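Dear colleague,

Please find below the structure that I am handing over to you.

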Amino acid sequence: MAQRSRLEPPASLVDWGILVSVTALVVTGLVSLVTGTAGGAWLFVLHSVGGLVLAVLVGFKLRRVRPRLTRSSAWDRGTPVSVLLAALALAALVTGVYWVVAGLVWVGPFTLLTVHMLLGVLVVPVLLWHFRHRFRWPRRAEVEREGRRSALQFGALLAGGTVLWRLQQALAGAGRRFTGSKAAGGAGNGFPVTSWVADDPEPVDTDSWQLSVGGAVESPASYSYDQLLDGASEAQTAVLDCTSGWYAEREWQGVSVGDLLDRSTPASEGEWVRFRSVTGYKWSVPVEEARECLLATHVDGDPLTHGHGAPLRLVAPGRRGFQWVKWVTSVEVTEQEDLSQWVTIFVSGL
Ligand SMILES: Nc1nc2c(c(=O)[nH]1)N[C@H]1C(S)=C(S)[C@@H](COP(=O)(O)O)O[C@H]1N2
Ligand SMILES: [Mo]
């Protein structure tokens, strides 16, 4: 067996360290997708530091299991699963680190960050499958004998990861938001057109299109594009920050959702506002927050292009891009949050 370095915890604790860091990475990674305000910046830091810690632990682990992998006589039924898991985890780590260093890299229609996300999510079922073959509780004797020393080793790893993260911030952090997103496009409509999965409708005919305001309101209403433009116009500067890793700070012009709601008088039990696209794509926002949102017809003074959601798109400051519904055709006040939105965003347009 290879000599263990001073910084290396015993085998079973390396494995448990890997489990803890993978769990932290999956949870922070997923929650970061719905985090758009600076109060959640620590999540992104934790995710970066966790990734660096995992890289070191995986290094220890690979060194340990290499003899078992390279000798075919040592293979068993669990080995292919282990190899698949190692490949996925390494690919997730490499894409994550490369994303941090290189920024907006496109892989066909996807950004490298989206690829990283898919790899990271795939790790979960393969890890559970790996457990069916290899799961073991930590050996008690090992914990008693080396627990204190291991705690120090894990502490050193965390500290090392944090220093590396600070260094990376100083070297490659410029031009990035706390979400890691990089600025894309210059002004106006010049930023990437993105749909979450399959939404790609025909251009909406502005002459026949209508916006309906309904649900739990006293006076439902319906507006043509011209009627909307005639109403009170409002402008807001806000950042569209897509979870695929880019952002666009723009001035958006359109109608205030608060004004629209006032004109229809929401019922007192209305707690949520659901914005629905012509494609079925939808998202709900608490009514007080929705009042501060904008339904934009224009960006930087230019009419929205079709790809960006013409004739009307939601501008929801502090929320991630996927919640900025494009091609909006209905605004409904509801009593409850519409949780089916989590399915709809994946299947609308299919
Ligand atoms: N109807 C609809 N709205 C949508 C989407 C979609 O797929 N369908 N994609 C969302 C995503 S993931 C992002 S990042 C933004 C992108 O807006 P853009 O294409 O104008 O850049 O729109 C959001 N609104
Ligand atoms: Mo997005």
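**Ligand site**

An oxygen atom of ligand 1 lies 2.6 Å from an N or O atom in the side chain of R313. Please bear in mind throughout that this is a predicted model. The side chain of H308 also takes part, with an N or O atom 2.5 Å from an oxygen atom of ligand 1. At T194 the backbone is involved: one of its N or O atoms is 2.7 Å from an oxygen atom of the ligand. In total, 22 residues surround ligand 1, and the closest are P192, T194, H308, R313 and K326.

**Backbone features**

P311 belongs to the loop between β11 (302–303) and β12 (313–315). Separately, T265 has a positive phi of about 50°, although this residue is not a glycine. The loop that holds T265 runs between α7 (257–264) and β8 (272–277).

**Helix packing**

Two helix pairs were examined. In the pair formed by α2 (residues 41–70) and α3 (residues 79–102), the axes are 11 Å apart and the packing angle is about 150°. Angles over 145 degrees count as roughly antiparallel, and α2 and α3 are therefore roughly antiparallel to each other. Their crossing is left-handed. From α2, the residues G51, L54, A55, V58, L62 and L69 meet T79, V83, A86, L90 and L93 of α3. Sorted by class, this contact of α2 with α3 comprises nine nonpolar and two polar residues, with no charged ones.

The other pair consists of α1 (residues 11–32) and α5 (residues 140–172), whose axes come within 10 Å and cross at roughly 50°. That angle makes α1 oblique to α5. Here the crossing is right-handed. On the α1 side, A11, S12, L13 and G17 are in contact with E142, V143, S150 and F154 on the α5 side. The classes represented in the contact of α1 with α5 are four nonpolar, three polar and one charged.

In brief, the ligand oxygen contacts described above involve the backbone of T194 and the side chains of H308 and R313.

Yours sincerely

Methods
Residues are numbered from 1 along each chain as its sequence is written. Chains are lettered from A and ligands numbered from 1 in the order in which they are written. This is a predicted model: local features need pLDDT of at least 70, side-chain atom pairs count only at pLDDT 80 or more; totals for chains, interfaces and linings use all residues. Side-chain values use heavy atoms; hydrogens and water are left out. Axes are lines fitted to C-alpha atoms, for helices over the stretch in contact, and angles run from 0 to 180 degrees between N-to-C directions. Helices (H or I, at least four residues) and strands (E, at least two) are DSSP runs, numbered from the N terminus. Angles under 35 degrees count as roughly parallel, over 145 as roughly antiparallel, 65 to 115 as roughly perpendicular and the rest as oblique. A crossing is left-handed if the near helix is turned anticlockwise from the far one by less than a right angle, and right-handed if clockwise. Contact means heavy atoms within 4.5 Å. Ala, Val, Leu, Ile, Met, Phe, Trp, Tyr, Cys and Pro count as nonpolar, Asp, Glu, Lys and Arg as charged, and the others, Gly among them, as polar. A residue is near a molecule or strand if one of its heavy atoms lies within 4 Å of it. A polar contact is a pair of N or O atoms within 3.5 Å; within protein, one must be able to donate a hydrogen and the other to accept it, and residues adjacent in sequence count only if both atoms are side-chain atoms.
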